[in-house]
Amino acid sequence: MKSNEVKLIREDGRRLDGRAFDELRPLKIEVGVLEKCDGSAYVELGKTKVYAAVFGPREVHPKHLALADRAILNCRYHMASFSVDERKPLGMTRREIELSKVIREALESVVFLEEFPRTCIDVYIEVIQADGGTRTAGITAGSLALAEAGIPMIDLVAGVAVGKINGHLVLDISDIEDKYGEADMPVAMAPRLNSIVLLQLNGRLTGEEFKNALELAKKGIMEIYQQQREALRRKYSGISAEEV
Ligand code: ADP
């Protein structure tokens, strides 16, 4: 089916889930949710639910892979078989291998790897439920898990996907908007540095639309960043998300 054949905007000018064009899905962020790792976080954006767990800095195995001047950041993005309608194949798909790489590159740009030579830091991103925007939610969770593990970073990283549906630019696209929309653009930033650490575009945008889409993504990222900082503050003041 062609993208313009599917109505993604209702008669009242809102999106199918009732959101305005520039509105994020309900966002929940928690830090320190898992016990067995050095750092962890949970990010929920509507129906998209993602955990991140961090181990390290720890010894590299086999030892000859260790780098003398910095730590190695390993990243594994994985979608649970039950995270999508049709059971995802077991094992790592090509998509998961690609996403692991782009998430690693986004996180690498803020971590002071040179402070931990000859070690590795492992970041595991587990998508429990997927409804669009899982790579960016994974980056948001991953940077918080690194922070909880005490890994020094120049800034947190937050991400969101913007898109174009029925000719309109929208923030934080859901799976159906991704599938039947005209464009999907995941963006992640280190907000304090105003630096873009991930930018991908699937579909077509004009130059003007691209600029506006980037502005929309920045607006969403600032909202997520604010909540990331609040989640860290809650964690270290011992307040649970339910008490807020
Ligand atoms: P992102 O989740 O970062 O937006 P994609 O654009 O590749 O990444 O995927 C968009 C959405 O498509 C996912 O969030 C998920 O809801 C759905 N999806 C991805 N892979 C599969 C799959 N193997 N089976 C079913 N749905 C999938």
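Analyst: One term to start with: a polar contact is a pair of N or O atoms within 3.5 Å. Also keep in mind that this is a predicted model. With that cut-off, a polar side-chain atom of aspartate 184 counts, because it lies 3.4 Å from an oxygen atom of the ligand.

User: OK. How far is the ligand oxygen from the polar backbone atom of glycine 133?
Analyst: The distance there is 2.9 Å. Alanine 130 also takes part through its backbone, with an N or O atom 3.2 Å from an oxygen atom of the ligand.

User: How much of the ligand's accessible area does the protein cover?
Analyst: On its own the ligand has 540 Å² of accessible area, and the protein covers 77% of that.

User: And where does the ligand sit?
Analyst: In the largest pocket. Helix 2 (134-148) and helix 3 (175-180) are the elements that give two or more residues to the shell around the ligand.

User: Which residues come nearest to the ligand?
Analyst: There are 13 residues around the ligand, and those that come nearest are Arg95, Gly132, Gly133, Thr134 and Arg135. By type, the shell has 7 charged, 3 polar and 3 nonpolar residues.

User: Different topic. What span should helix 4 have?
Analyst: Helix 4 covers residues 207-237, which is 31 residues, so at 1.5 Å a residue the span should be 45 Å. The C-alpha atoms at its ends are 45 Å apart, which agrees.

User: What comes just after helix 4?
Analyst: Glycine 238, which takes a positive phi of about 75°.

Key
Residues are numbered from 1 along each chain as its sequence is written. This is a predicted model: local features need pLDDT of at least 70, side-chain atom pairs count only at pLDDT 80 or more; totals for chains, interfaces and linings use all residues. Side-chain values use heavy atoms; hydrogens and water are left out. A residue is near a molecule or strand if one of its heavy atoms lies within 4 Å of it. A polar contact is a pair of N or O atoms within 3.5 Å; within protein, one must be able to donate a hydrogen and the other to accept it, and residues adjacent in sequence count only if both atoms are side-chain atoms. Accessible areas come from the Shrake-Rupley method with a 1.4 Å probe; for residues, only the protein chains shown count as cover. On a 1 Å grid over the protein atoms alone, a cavity is a set of points where a 1.4 Å probe fits but cannot get out, and a pocket is an open set with protein on both sides within 12 Å along at least five of seven lines; lining residues have an atom within 4 Å of a point. A molecule sits in a cavity or pocket if more than half of its atoms lie within 2 Å of its grid points. Helices (H or I, at least four residues) and strands (E, at least two) are DSSP runs, numbered from the N terminus. Ala, Val, Leu, Ile, Met, Phe, Trp, Tyr, Cys and Pro count as nonpolar, Asp, Glu, Lys and Arg as charged, and the others, Gly among them, as polar. The expected span of a helix is 1.5 Å times one less than its number of residues.
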